[in-house]
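Dear colleague,

I am handing over a structure that I would like you to look through, and below it I set out what was found. Please keep it open while you read.

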Amino acid sequence: MVAVLPQRPPAAAAAACLLLCFLAGGLAAPDPEQRKALIRLEASMQTGGRLQLSDAEQRLDAVLFQMKQKEMERAEFPPAMHFFKARPLIRTSPIFDLLHKMPKGAALHVHDFSMVDVEWLVKNATYRPHCYMCFTDKQSVRFVFSSQWPKALARCSPWTLLEMLRAKMVNTTDLDNSIMGNMTLFTDRDPDVVHPSQDVVWDRFEQAFAALWGLVTYAPVFRDYYYQGLTQFYTDNVMYLELRALLPQTYELDGSTHDTAWTLKTYQEVTRQFTADHPSFFGARIIFTIQRRVNASVMASAVEEAMKLQRDFPEVMAGFDLVGREDKGRPLWYFREALSLPAERGATLPFFFHAGETDLEGTDVDQNLLDALLFNTSRIGHGFALLRHPLAKELSRKRGVALEVCPISNQVLKLVEDMRNHPAAALMSESHPLVISSDDPAMFGASGLSYDFYEAFVGFGGMRSRLGSLKELATNSIRYSSLTAGQREKALALWQERWDKFVSENAL
């Protein structure tokens with residue numbers, strides 16, 4: 001169960017009503033003081049608007065405000081650009097540098113096989129012995145590790161042992177870059193030409209996951225990949241992670257395989273090892289996921305398995321979700337019998353549903369937001385369509401069901417072009433429960449959380465977002481996590497220590 005935050009007191013709304021009534025009372029001209037009061041009142045309603053900042057925080061806030069003024073004046077404004085074009089500009093931004101240093105709390109919406117940059121995957125995994133590659137008829141690649149020559153794969157060229165292929169080359173850079181290009185959406189070409197529509201970009205997205213599948217499901221790589229993923233988030237000053245994971249069958253060099261329980265246990269073991277190696281990292285939990293395109297019986301089996309995993313691994317298992325393209329998958333209501341099993345049996349299985357990652361208004365898929373709330377989802381993944389659902393929006397606020405907003409993902413997958421027009425900009429203006437996360441950073445040429453925090457802070461917030469906004473977004477990520485109340489309290493205390501250190505080191 002996630003934390004439900006107390007609702008904002010009605011004082012702000014009441015004061016606004018009083019002021020508006022007074023302004024409508026027949027005055028010959030608006031009172032400048034009342035105008036200032038209204039501006040202050042509206043500013044207080046945004047994310048972080050009511051936080052009381054310390055003297056040091058106020059000094060840092062002033063520095064940040066000056067930085068943002070200069071950022072808003074840039075000839076090329078990064079949040080108005082596609083991220084692939086904006087990335088080099090963001091990297092030179094003093095705000096981005098500060099956000100990288102900032103303790104960001106938790107990453108609550110990240111997928112298992114897109115958390116590590118593809119360069120690591122190519123330079124590390126594909127250089128291991130016994131790694132074979134073939135080329136598909138869709139101009140993509142597939143990989144497998146095997147102690148013997150692998151069996152032929154349908155719709156793929158004959159297997160090539162990469163070790164032998166590279167040994168024949170003078171320069172392997174072009175080959176490595178070509179492999180990397182198959183594992184990410186990021187491109188140096190015009191992204192709107194390469195990915196002209198949602199259908200094209202999603203097809204390419206799914207092909208990229210298929211390309212790396214044989215690498216990351218090889219048990220030795222699987223362990224190292226996850227450890228490296230934790231390292232990259234930790235380096236970006238993230239202290240806790242909730243990972244959406246398919247828990248796939250993994251395999252060894254001799255072809256033997258491991259089941260779902262082994263995979264979850266391995267996540268648990270690697271997390272414990274990482275926290276032992278990095279005591280300031282708070283930990284990680286797993287949200288078990290399944291593709292939303294499966295049929296009802298497969299979904300029922302998956303829910304059964306999830307309930308068992310929840311019983312057997314309560315420390316690491318956070319809950320359950322459906323993944324894949326929402327527009328092309330089956331809606332939540334189609335799976336209502338399977339998703340009702342935990343409640344019918346009195347079993348614990350928290351839901352963390354993707355919902356509203358769509359612009360198809362009025363369709364069955366568009367009802368996923370309301371259905372997610374009907375199934376008592378703990379959080380909402382994306383929730384891009386929430387502004388079109390006033391009832392779902394109100395229920396989300398009242399129940400403290402936070403949105404996991406992933407700015408760069410929504411832009412790259414063509415739901416929004418200019419970050420200033422993202423629905424979360426309106427939600428932040430009224431302090432709707434939300435957190436910032438990065439979804440599939442490796443697929444988008446990003447890493448950790450800092451790039452998405454930049455887009456939210458500069459793009460969503462404009463000049464109104466201040467240090468208080470960042471502070472509340474960071475603490476939200478812990479408050480809305482799946483941690484127990486005691487764990488959240490401890491994590492917040494540890495975060496506060498790092499925050500105070502960050503403030504003191506960067507305030508003038």
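Please bear in mind that this is a predicted model.

The next point concerns a pair of helices. Helix 5 (residues 94-101) packs with helix 20 (residues 450-460) at an angle of about 125°, and their axes are 9 Å apart. Because angles of 65 to 115 degrees count as roughly perpendicular and only those over 145 as roughly antiparallel, the two helices are oblique to each other. Helix 5 passes helix 20 in a right-handed crossing. On the side of helix 5, the contact is made by Ile95, Phe96, Leu99 and His100, while helix 20 contributes Ser450, Tyr451, Phe453, Tyr454, Phe457 and Val458. Of the residues in this contact, 8 are nonpolar and 2 are polar, with no charged ones.

Finally, please look at leucine 99, which is found in helix 5 and counts as buried, with 2% relative accessibility. Leaving aside residues up to four places away in sequence, leucine 99 touches Lys104, Ser450, Phe453, Tyr454 and Leu470. Leucine 99 and leucine 470 are 371 residues apart along the chain, yet their C-alpha atoms are separated by 9.0 Å.

Note on methods: Residues numbered from 1 in each chain as written. Predicted model: local features only at pLDDT ≥ 70, side-chain atom pairs only at ≥ 80, totals over all residues. Heavy atoms only, no water. Axes fitted to C-alpha atoms, helices over the stretch in contact; angles between N-to-C directions. Helix = DSSP H or I, 4+ residues; strand = E, 2+ residues; numbered from the N terminus. Parallel < 35°, antiparallel > 145°, perpendicular 65-115°, else oblique. Left-handed = near helix turned anticlockwise from the far one by under 90°. Contact = heavy atoms within 4.5 Å. Nonpolar A, V, L, I, M, F, W, Y, C, P; charged D, E, K, R; others polar. Buried < 20%, exposed > 50% of the residue type's maximum accessible area, 1.4 Å probe, protein only.
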